Amino acid sequence: TTTTNESVIKPNRIVVCAQIVTHTRTIHHVCSYPSTLSQSPMESETLTSTIVTETQTEFEKNQEQYQALISTLPHKEGWQPEDPLIEFGGHWWPQYFLEGCLYAQDFFQARPNDFLVCSYPKTGTTWLKALTFAIANRSRFDDSSNPLLKRNPHESVPYIELDFPYFPEADVLNDKGNTLFSTHVPHGSLPDSVVKSGCKMDTFISLWTFIQRERSELGPVPLNNLDECFDMFCRGLSAYGPYLDHVLSYWKAYQENPNQILFLKYEDMRPDPLPYVKRLAEFMGHGFTAEEEEKGVAEKVVNLCSFETLKNLEANKGDNMREDHAAYYANSAYFRKGKVGDWANYLTPEMAARIDGITQDKFKGTGLLELGK
């Protein structure tokens, strides 16, 4: 699910990019996050000072009431045994992100020209962030000066439930000209300002391997094995899960407001992204001109934001971390394989059949399975 921004004053728009788990078993995007930021020993002092400064923010002033509310909500063991999931609004949340969501509900003020990229974790979020940023800012940067060449896309398109509450000092949040934001929050839990302003808005295997690569001062955080995580996923126990309900929340919103939400499928975009990029640009209010079409500008955007290009940039290699604030993972963790169908390397036929059955039952009669056919 993704959301985009316009350069003119129009109702906010949302782009939704979903990885649909169908009979083809293309499972691509689930995500859970730990309750503590990963850091090297040398970074711990810097992070501590960041937290001390954060006590003076609006979020810190309200955090106690959020924690009091959360303490009354149902808790269950999550993918990481020491980091429980909390039920709120029909979905399961790590406490860190639920606190951030509650703050965003109270304080995030969407503007009419803001564009929101909405997605379930690990369903193509990094790619879509890069595309929306490149489309919206193509007149500001040439091929050699685009920030995407030196910074991870997540630094340019902030999360309203993560960056906004926890890192208000981030450059992008203090750039009044920025109109691109992102979220993993289900549609029903979005801030009222997003819904009422009319914002336009645009799996599993990637998540498990993603969390396995988590960096922390004490080493990898304990994670349940693949079978246990898979069973939890099928029962709806994952961050922002149930995953299929998350997808349906945006699908239903799209059906009600097709002019405000662009619904995209990763497995459709991945083989031939160009027509979808052009469609995305039009939806954002940044359509390519005839002159740009002749110069191949759309193709340059596709190439700049391709999985292969982004993965091989120095900023996204090895242990390099984002530069604007402390992070959970190295930038390289956001680039696994970028392939549709990699499920076969991890899931047994029985596991795949279970996913298929759950998906067919959930999406039957919604029109979602037929999308793109």
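Let me begin with a term: a residue is called buried when its relative accessible area is under 20%, exposed when that area is over 50%, and partly exposed in between, using a 1.4 Å probe and protein chains only. The structure before you is a predicted model, in which local features need a pLDDT of at least 70, side-chain atom pairs count only at pLDDT 80 or more, and totals for chains, interfaces and linings use all residues. Residues are numbered from 1 along each chain as its sequence is written, and side-chain values use heavy atoms, with hydrogens and water left out.

I turn now to charged pairs. Side chains of opposite charge can pair when their charged atoms come close. The term salt bridge here requires a side-chain nitrogen of Lys or Arg within 4 Å of a carboxyl oxygen of Asp or Glu. By that rule, the model holds 10 salt bridges.

One of them joins R111 to D114, with 2.9 Å from N to O.

Helices (H or I, at least four residues) and strands (E, at least two) are DSSP runs, numbered from the N terminus. D231 is partly exposed at 26% relative accessibility, and R354 is partly exposed at 33%.

Helix 15 returns in the next pair. K362 and D245 meet through their side chains in a salt bridge of 2.7 Å, N to O. K362 sits in helix 15 and D245 in helix 9 (residues 243-256), a link between distant parts of the chain, 117 residues apart. Both count as partly exposed, K362 at 34% and D245 at 24%.

An open sheet of 3 strands runs in the order 2-3-4 with antiparallel pairing, where pairing requires at least two DSSP bridges between two strands. Which strands form its edges? They are strand 2 (75-76) and strand 4 (91-94), each pairing on one side only. Strand 2 and strand 3 (residues 85-88) pair over 2 bridges in the antiparallel sense, and L85 in strand 3 is the bridge partner of K76.
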